[in-house]
Amino acid sequence: MIVLKIGGSEGINYDLIADDIAALIKAGQPLIVVHGGSSLTNKVAEQLGHPPQFVTSVSGFTSRRTDRRTLEIFEMVYCGQMNKGLVEKLQMRGVNAVGLSGIDGRIWEGPRKDAIKIIQNGRRLVLRDDYTGKVEKVNTDLLQTLLNAGALPVLTPPAISYEGEAINVDGDRAAAATAAAFQAEALVILSNVPGLLEKFPDESSLIRHIPAAKIDQFMSVAEDRMKKKVMGAQEALAQGIGRIVFADGRVAGPVSRALAGEGTVIGQ
Ligand code: ADP
């Protein structure tokens with residue numbers, strides 16, 4: 001099994017990715033796809049008059065402020081246009097893709113954070129009306145049923161809380177939890193950069209290999225959004241995934257290239 005996370009940043013080429021997925025499926029490669037949708041969500045949120053807000057936790061991580069209205073907009077984009085758009089591209093290529101969010105059939109389940117401690121203008125604040133959390137459990141039975149039926153699961157946040165509420169979760173970390181649940185051979189994370197860059201945004205400073213034992217040292221190289229990916233990689237390694245690849249989602253054959261070792265290979 002390979003778990004493929006496709007980012008939601010500007011520049012990612014979904015047609016080239018769909019071509020490659022179709023080729024891999026045709027060659028018999030078992031696959032689960034996870035995708036994001038952050039940049040389109042930001043645009044739609046602006047258009048709907050509820051502009052995105054990002055908050056920084058006391059531990060230095062940035063995340064989307066997810067009040068109820070944001071959650072609705074998030075679902076419109078992630079579960080709507082992004083998910084169905086990708087499913088359509090795959091169906092056009094003869095892949096029987098089935099698009100589901102983490103709420104459906106409780107595919108991704110975990111705790112909702114009851115309070116988020118953030119730093120705003122140098123002051124500590126506590127948010128209590130935020131719909132965010134993390135994935136602790138993956139419904140592998142349901143996913144396996146789909147796989148057995150010859151379908152390709154195409155998954156997207158939100159996840160579901162133990163109480164049954166939709167919660168915004170980080171897509172990279174949800175993909176890591178999915179890879180762990182299936183003990184996947186590899187977790188491939190495609191974004192709009194060639195991988196982890198030593199001197200972001202200089203693309204020639206690509207870090208080609210990070211041994212599992214050294215992953216902690218690379219947390220400081222990554223800024224804001226990339227930090228979540230490194231954290232997802234850390235979590236995947238801790239749960240027995242041998243290979244995580246951060247690779248370029250703008251090029252032809254992006255998944256095959258990542259599996260052949262292009263990008264930042266973490267592990268081994
Ligand atoms: P996606 O939505 O595709 O999952 P993100 O936007 O969350 O991707 O994260 C990728 C982004 O992280 C890059 O576009 C880049 O702006 C940023 N980034 C920060 N630090 C680094 C780094 N050291 N190497 C590569 N990208 C970085």
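Which polar side-chain atom lies 3.1 Å from an oxygen atom of the ligand? That atom belongs to Ser191.

1. A word on the basis first. This is a predicted model, in which local features need pLDDT of at least 70 and side-chain atom pairs count only at pLDDT 80 or more, while totals for chains, interfaces and linings use all residues. Residues are numbered from 1 along each chain as its sequence is written, and side-chain values use heavy atoms, with hydrogens and water left out.

2. A polar backbone atom of Val221 is 3.4 Å from a ligand nitrogen. The protein buries 91% of the 570 Å² that the ligand exposes when taken alone (Shrake-Rupley method, 1.4 Å probe).

3. The shell holds 19 residues (a heavy atom within 4 Å of the ligand). Ser9, Asn192, Leu197, Arg225 and Lys229 come nearest. Helix α6 (residues 224–238) gives the largest share, 3 residues (helices are DSSP runs of H or I, at least four residues, numbered from the N terminus).

4. Helix α1 is worth a look too. Its buried residues (under 20% relative accessible area, 1.4 Å probe, protein chains only) are Tyr14, Ile17, Ala18, Asp20, Ile21, Ala22 and Leu24. At the start of α1, a side-chain oxygen of Asn13 comes within 3.1 Å of the backbone nitrogen of Asp15. Just after α1, Gly28 has a positive phi of about 90°.

How values were computed:
A polar contact is a pair of N or O atoms within 3.5 Å; within protein, one must be able to donate a hydrogen and the other to accept it, and residues adjacent in sequence count only if both atoms are side-chain atoms. Helices (H or I, at least four residues) and strands (E, at least two) are DSSP runs, numbered from the N terminus. Buried means under 20% relative accessible area, exposed over 50%, partly exposed in between (1.4 Å probe, protein chains only).
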